[in-house]
Amino acid sequence: MKQTIKKIYLGLIILLLYAPIATLIVLSFNNSKTRAKWGGFTLNWYVELFQNESIMNALYTTLIIALLSALIATVVGTMAAMGMQAMNRKFRTVMMGVTNIPMLNADIVTGISLMLLFIVLRFSLGFTTILLAHISFNIPYVILSVMPKLRQTSRQTYEAALDLGATPIYAFFKVVFPDIFPGIISGFLLAFTMSLDDFIITHFTKGPGVDTLSTKIYSEVRKGIKPEMYALSTLLFVTVLLLLILINAKPSKKSSAASLKVKKRSRISQIILRRVVPAAMALVIIAGGFFYATQNSAGSKDQVIVYNWGEYIDPDVLTKFEEETGIKVIYEEFETNEIMYPKIQSGAIAYDVVCPSDYMIQRMIENDLLAEINFDNIPNIEHIGDEYMKQSQQFDSNNKYSVPYCWGTIGILYNTTMVNEPIDSWSVLWDPKYANNILMQDSVRDAFAVALKYLGYSMNSTDLDELTEAKDLLIEQKPLVQAYVIDQVRDKMIGNEAAIGVIYSGEAIFTQWENPDLEYVIPKEGSNVWIDSWVIPKNAPNQENAEAFINFLCRPDIALMNFEYITYSTPNTAAQQLIEDEDIRNSTIAFPDASELERCETFRYLGDENDAVYNSLWREVKSN
Amino acid sequence: MKSKKLLSGPYLIWSLAFIIIPLLIVVYYGFTTKEGDFTFTNIAQITTPENLKALGLAILLSLVSTIVCLLLAFPLAMILSGMNVNQTSFVVLIFILPMWMNFLLRTLAWQSLLEKNGVINAILSFLHLPSLNIINTPAAIVLGMVYNFLPFMVLPIYNVLIKIDKDVISAARDLGASNIQTFTKIILPLSKPGIISGITMVFVPALTTFVISDLLGGSKILLIGNVIEQEFKQSSNWHTGSGLSLVLMLFIIISMAMIAKYDKDGEGSIF
């Protein structure tokens, strides 16, 4: 009876631990692009996974960093543990305290502190900085798993070995090492796992063109995780599971045999398994890494470093550009304008071409961070519609610094099966009928824009009374809101999780493809019309390549490729004419009427102080 | 023995360069303005009502998670330590194995499980049971915390439990102690180092997380970790962000002091 209860309890805990993993495995066979829908069984994602170079690259980077950092941490950590064992108590306590810091410190603080260090030292962020950071947080794990084993070894045996004429090194490897070996192994494995699983610290210390699986996944959260990722994690998980069974099952069977000899032999086979298997793995990884590294460095002299929004370009466009021009693209993604800005400002990383939004471009111009673009190198600018160049003047008064890439509006997406009335006003977001069925944008300016427009004010308002009014309105709305999201609104609306969501027009088109019940509207009070444009930072090392890149993107056939992939409206009028599907070419979501746009405003940069006011008011909303 | 101490040398230099100095930089940012003048205003930011509330809520949720973890983990560790598994590493690996699935993906998977039309509700409605609506509430955040940090509670406790000499327990029994007495007088006091280290290993990361509250709380619930993250990412205000991080480090220092006091020999390590 007692045993059954124990087993049930154990089973429940394991269910809790492995339920999400089972979910992910199931999702990897889901024949639908979003996780919100089950579209039947498929193995496609496994096939596509191996063709997806960026994921495979991220996998290799992750494994190499995990392996190298774990190896180095194991060597340094084991040495440190032995040294600390020999120290007096006081000094050892201090050292242990220091060792505990990275383990206990918030990841975010560790990550930020390392990033600040690298930036202060003008150490350019990249592969090396991730590796250094990972070694730093891995060493404590090794020390803490070797220390207890060291404490259990007897000093006398070691000294006896020395008395019998062994050299210290010989004595160490023959006497101490076998005793602490399990500790070293578990330290190594733990370090490896931690490095593999880390996101936050990597996020802060990585540079352009380098992605680990975690950072890759995070950039994909924006637009929904690619199912290939599920397939990859499933493969990783199954591989590890098989390895573990191989390592653990064999010796435990044999150890039941009483004979000492057998036991000894099983120990040897265990050690072989534990050494040979990881060594083989290491070999494969390193070989693969070198292969990728050499492949990547080929022709690296002629390159362009691109810093763009996540999922904001068709990957085939990049390949095509490389093929046609011979210029290698190093591609890096950001999640919000606010994350991008300090990276450019600090100059820690020199990007060639960046794609910020309107108000952020204004801020960058005001702070003298941008280079004037030489339009002689961009003849394809003629394909960009005049109205968009004119609109750009709101933030780039002489059209000197930016080339429009995508544009769109913000509006309301609603599910016609849950909303029976016609919607034309922001007021629906305050209708108690839809309590817990509303998805609101989780960014300061967008959220305030909705409230300010509803109140009839400008969304660039800096009037404290107006802002306070808007804040109160947002607080009033909060109980009705199901969640504040950025791009997850897409998956949630497709999955019928909510009736109403505030969304970017570009996403609306995609959601309609997936769920025909959804309808998009620009409310009558007006809304935001935004432009994301390409700019070249002042410290860009390859300005001409950057201009070639911008020019390439302005070519109508390329702009069309991008539009079909990302579904955000293109300012490229020539490309718009090329759209074959008439419904989309004339879609009022992608290309709204001029009359609708007249009601809309573009965000302007309001200055650091006003930004701070917005931020603090928004925090009041969020914490209420 | 002198030469042996030198083995710590590389680590000493390493920790100086990559642990101590970076922290000093955070301290510098925390105590200066944008112009580089000395100030307390960054630290004082913690006393604004919103930040205090975020801190309070973070403390509350992480306390609840820690208690839940402890209540779940202790019986679990008892069962595991009594299972007579030859390979302790195997037990450890059962709990570390999930980490090979990316942390963000695992947490996102909970979203799929808990959503209104999610897996759990599909099963519940199939069984004609009332639906479970905890997504985007503090309960979901607690669940996410417990799920992510439970191994850090189980492993230290398991490690102290297997070290308890079976003879001590037999002796207590021989001397007439009941099950409950054996538990409260022998097992519990002896497992204190593990419990303490488990508590800090769960409490601190739970206190400082921002990813879990974002993904499972629908960004409706602001914890102190979210505030700091936003200071760095949305407001690009590194000074205030650093100041608030320093406040958080206070809790870390307290945790370290607790460990130093109750777990002098590092028995309650997680491996």
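Reader: Before I count anything, what counts as a helix or a strand here?
Author: Helices are DSSP runs of H or I with at least four residues, and strands are E runs of at least two. Keep in mind that this is a predicted model.

Reader: Fine. How many helices and strands does chain B have?
Author: Chain B has 14 helices and 0 strands.

Reader: What are its spans along the principal axes?
Author: The C-alpha trace of chain B spans about 70 × 70 × 35 Å.

Reader: And what share of chain B is buried?
Author: Buried residues are 49% of its 271 residues.

Reader: Switching to chain A. Which domains are assigned?
Author: Domain 1 covers 53–225. Domain 2 comes in two pieces, 303–406 + 531–583. Domain 3 is 408–530.

Reader: What separates the centres of domain 1 and domain 3?
Author: In chain A, 46 Å, taken over C-alpha atoms.

Reader: Now the inside. Which residues have the most contacts in the largest nonpolar core?
Author: Val353(A), Met153(B) and Val154(B). That core has 240 residues. Helix H3 of chain A, residues 53–85, gives the most to this core, with 17 residues.

Reader: What does Val353(A) touch?
Author: Leaving out residues up to four places away in sequence, Val353(A) touches Val304(A), Val306(A), Trp534(A), Ile536(A), Ala546(A), Phe549(A) and Ile550(A).

Reader: Next, strand E4 of chain A. Is E4(A) enclosed or open, and why?
Author: Largely enclosed by the rest of the structure, because 13 of its 13 residues are buried.

Reader: Which strand pairs with E4(A) over 6 bridges?
Author: Strand E9 of chain A, residues 529–534, in the antiparallel sense. There, Trp407(A) stands opposite Ile531(A).

Reader: And over 5 bridges?
Author: Strand E7 of chain A, residues 500–504, also antiparallel.

Reader: Which strand is joined by 4 bridges?
Author: Strand E8 of chain A, residues 518–521, and the two run antiparallel. Leu413(A) is opposite Tyr520(A) in E8(A).

Reader: Why does Asn436(A) count as partly exposed?
Author: Because it has 14 C-beta neighbours inside 10 Å. Buried needs 20 or more, and exposed means 12 or fewer.

Reader: What is phi for Ser219(B)?
Author: Positive, about 60°, and Ser219(B) is not a glycine either. Its loop runs between helix H12 (211–216) and helix H13 (224–233) of chain B.

Reader: Is Ser219(B) buried or exposed?
Author: Ser219(B) is buried, with 22 other C-beta atoms within 10 Å.

Reader: Last one, helix H14 of chain A. Which residues are buried in H14(A)?
Author: Asn337(A), Glu338(A), Met340(A), Tyr341(A), Lys343(A) and Ile344(A). The helix covers residues 337–346.

Reader: What covers those buried residues?
Author: The cover includes strands E1 (303–309), E2 (328–334) and E3 (353–354) and helix H15 (358–366) of chain A. H13 of chain B is part of the cover too.

Reader: What follows H14(A)?
Author: Gly347(A), with a positive phi near 70°.

Terms used
Residues are numbered from 1 along each chain as its sequence is written. Chains are lettered from A and ligands numbered from 1 in the order in which they are written. This is a predicted model: local features need pLDDT of at least 70, side-chain atom pairs count only at pLDDT 80 or more; totals for chains, interfaces and linings use all residues. Domain bounds come from an automatic or database domain assignment. A nonpolar core is a set of buried Ala, Val, Leu, Ile, Met, Phe, Trp, Tyr and Cys residues joined through C-beta atoms within 7 Å. Two residues are in contact if their C-beta atoms, placed from the backbone, lie within 7 Å. Two strands pair if DSSP finds at least two bridges between them.
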